[in-house]
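Let's take a walk through this structure together. Have a look at it first, and then we'll go through a few spots one by one.

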Amino acid sequence: MDDAIYENIIDECSKYNCGNVHLHNFGEPLLDKNLAKRVRYAKQKGIKRVAIFSNGSLLTADKANELMDAGLDQIKVSFDGATQEEFERIRPPLKFDTIIENIKELVRIRDLKKSPLKIKVACCSTSDKNETIRSLENCVDGFSFGKIHNWTDSGMDHAEKSAIRKPCSRVWQTFTVLSSAKVALCCLDYEGQVILGDVNKTPISEIWKNESYRKIRLLHKTAQQDQIVICKSCTKSFW
């Protein structure tokens, strides 16, 4: 994302006391050479909590120091699999031992610097939760285990859905800006199938209340998500 666009977004988030900014969507945020700079800008503007989600493969000591010095508040590392074999089958070409060591080194640096950074592990696929926890027990600040879902792809049938449909909280609680500055329906709409605005042309405050957003929310309130292409087959819309 262009620096000027990013800074405008943060400036508006700051103006309206936005509590959380996540500098990731799909892809690996540590590939962004300006990530620490972006974190620092957000913190200087008063954003209370700046977070990233990473697969941990690029989490070097230098990168860890940069992010902590910039003021990063939280990092979640995706860690699927209870054993080395299971992890490397789910997340090729990552190596189990490398990710474990990167997380432990991150914790060591955090503790040495007395940084307030929260370090958590997120798992959505594992055969044994206790074994997964054991790999990093007494190391990270917490674990979260999510259910597998289909990421709105109806071709994936391994994610179960119940018969009860629900309004999705994302359309009231989150605001997803793609690198192009286009506003997507939610974080799962990573290809921008449903565009609700463009922050390069319109302030967030106006997009948030525009007719497109109002229509999406009404469809969710009235259980008519089938009219929204990205929501129609998404298992996140079910209890």
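Pro167 sits in the loop that links β5 (142–145) to α7 (170–173); helices (H or I, at least four residues) and strands (E, at least two) are DSSP runs, numbered from the N terminus. Keep in mind that this is a predicted model, where local features need pLDDT of at least 70, side-chain atom pairs count only at pLDDT 80 or more, and totals for chains, interfaces and linings use all residues. Residues are numbered from 1 along each chain as its sequence is written, and side-chain values use heavy atoms, leaving out hydrogens and water.

Setting aside neighbours within four places in sequence, Pro167 is in contact with Trp172, His220 and Gln225, where contact means heavy atoms within 4.5 Å.

Now hop over to helix α3 (residues 61–70), where Lys63, Ala64, Leu67, Met68 and Ala70 are buried. They cover an arc of only 160° around the axis, so they lie on the same side of α3; the arc is that of the directions from the helix axis to the C-beta atoms. These buried residues pack against α2 (35–44), β2 (49–54) and α5 (96–113). On the face turned away from the buried side, α3 carries the exposed Asp62 and Asp69. After α3 comes Gly71, with a positive phi near 105°.

Key: Buried means under 20% relative accessible area, exposed over 50%, partly exposed in between (1.4 Å probe, protein chains only).
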